[in-house]
Amino acid sequence: MDYKHAGVDIEAGYKSVELMKEHVKKTLRPEVLTGLGGFSGAFSMERFKQMEKPTLVSGTDGVGTKLKLAFLMDKHDTIGIDCVAMCVNDIACAGGEPLFFLDYIACGKNYPEKIADIVKGVAEGCLQSDAALIGGETAEHPGLMPEEEYDLAGFAVGIVDEKDMITGQDLKAGDVLIGVASSGVHSNGFSLVRKIFEMTKESLDTYYDELGKTLGEALLTPTRIYVKAMKSMKDAGVKVKACSHITGGGFYENIPRMLKDDTVAVIEKNSYPIPPIFTLMAKKGNVDEQMMYNTYNMGLGLVIAVDPAQADAAIAAIEAAGEKAYRVGSIEAGEKGVILK
């Protein structure tokens, strides 16, 4: 008896590492001091000594049951982007610059090519956010997970000068709310998605005219990464007063997290286009509007608040970074919460 017969293939693990090296190398920043395969990743903080009060910010998350679609479609090269996005977007919301990322893949059986595909997506997400992929772990769990399935999670660390942190403390009535477009469902609410649509290869391969693609392609579209949009605004001199990453819990849970106790966010529902995937989901699943806005991003992956005098500059900077932005509402005095009208 040996480890391989017990269900863990060490040689497959070695092959996975070799296959992923080409993707990892693309993400390395000058501050990275160690190579792939060490017991830990080292990252120099020398460049950040000029900050008055350098402050580390971190984020950790996974992809959730969106992975089920990747299994059904046997497409694994974009799900890593989602994992990175869920972590680095949270760091960007605090005003931070992502520095490095680590991933964790738990699988029933190590298929080296599949693992390399997953890491390819993780590396792409790191490239989009200028974060270095400095380490990770692939754990084979025979008997605990089905051989064809895996779980994916990640952890990111960023930095911000304390004086530049986005806290919402300067928020006041009259500030403008700007929404940054999402790419679709992103990585939240897939437990409901899987109840609305039949989860079969045939269903996911069905083409919908209103989507302009198959259902599976629409649902598996990677989460947008907003790090460069946030940096573009900072470089343009725009002060972001408050910021919310619209994830699980939609508008009603996430937007209040950026508000002061005496402020309310008023969102105009018709101020931006709602992606057709949400209209299709609401119709197919008979999901009421309240539940849609309480579960999904409804087309806005990021909502920020700025002074009215800087609204145009903020939109210009966001769009210069390749994203689409809209004036979607304003801050008013009142009990903390969200009003949709």
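Mentor: Contact here means heavy atoms within 4.5 Å. The model is predicted, so local features need pLDDT of at least 70 and side-chain atom pairs count only at pLDDT 80 or more, while totals for chains, interfaces and linings use all residues. Residues are numbered from 1 along each chain as its sequence is written, and side-chain values use heavy atoms, with hydrogens and water left out.

The part to look at is helix 12, residues 311-320. Helices (H or I, at least four residues) and strands (E, at least two) are DSSP runs, numbered from the N terminus. Ala311, Ala314, Ile315, Ala317 and Ile318 of helix 12 are buried, that is, under 20% relative accessible area; exposed is over 50%, and partly exposed is in between (1.4 Å probe, protein chains only). These five residues sit on the same side of helix 12, because they cover an arc of only 165° around the axis, the arc being that of the directions from the helix axis to the C-beta atoms. An α-helix has 3.6 residues a turn, so residues three or four places apart point the same way. On the face turned away from the buried side, helix 12 carries the exposed residues Asp312 and Ala320. After helix 12 comes Gly322, with a positive phi near 95°.

What covers the buried residues of helix 12? The cover includes strand 5 (176-181), helix 8, strand 10 (300-306) and strand 11 (325-333). Some individual residues show how these pieces meet.

Take Arg327 in strand 11. Arg327 is partly exposed, with a relative accessible area of 41%. Leaving aside neighbours within four places in sequence, Arg327 is in contact with Ala311, Asp312 and Ile315, and also with Val176, Leu177 and Ser271. By contrast, Glu11 is 54 Å from Arg327, C-alpha to C-alpha, and the two are 316 residues apart in sequence.

Next is Ser232, placed in helix 8 (residues 227-235). Ser232 counts as buried because its relative accessibility is 18%. With residues up to four places away in sequence not counted, Ser232 touches Ala317, Ala320 and Ala321.

Ile304 is among the residues with the most contacts inside the largest nonpolar core, together with Ile178, Leu219, Phe251 and Met281. A nonpolar core is a set of buried Ala, Val, Leu, Ile, Met, Phe, Trp, Tyr and Cys residues joined through side-chain atoms within 4.5 Å.

Rings of Phe, Tyr and Trp (its six-membered ring) pair if their centres lie within 6.5 Å; planes under 30 degrees apart count as stacked, over 60 as edge-to-face and the rest as tilted. The count comes to five aromatic pairs. Phe43 and Phe100 form a tilted one, 5.3 Å centre to centre with 45° between the planes. Phe43 lies in the loop between helix 1 (10-25) and strand 1 (54-62) and Phe100 in strand 2 (residues 97-107), so the pair ties together parts 57 residues apart in sequence. Both Phe43 and Phe100 are buried. The pair of Phe251 and Tyr293 is edge-to-face, because the ring centres are 5.1 Å apart and the planes are at 85°. Phe251 is in helix 9 (residues 250-254) and Tyr293 in helix 11 (residues 289-293), 42 residues apart. Phe251 and Tyr293 are buried as well.

Last, the annotation. In an unreviewed UniProt entry, "domain: PurM-like C-terminal" covers residues 172-338; UniProt positions are given in the numbering used here, feature names are shortened, and annotations may be inferred rather than shown by experiment. The span 172-338 is 33% helix and 22% strand, and its end C-alpha atoms lie 15 Å apart. The feature "domain: PurM-like N-terminal", also from an unreviewed entry, is placed by UniProt at residues 55-160. Over residues 55-160 the chain is 38% helix and 37% strand, with the end C-alpha atoms 5 Å apart.
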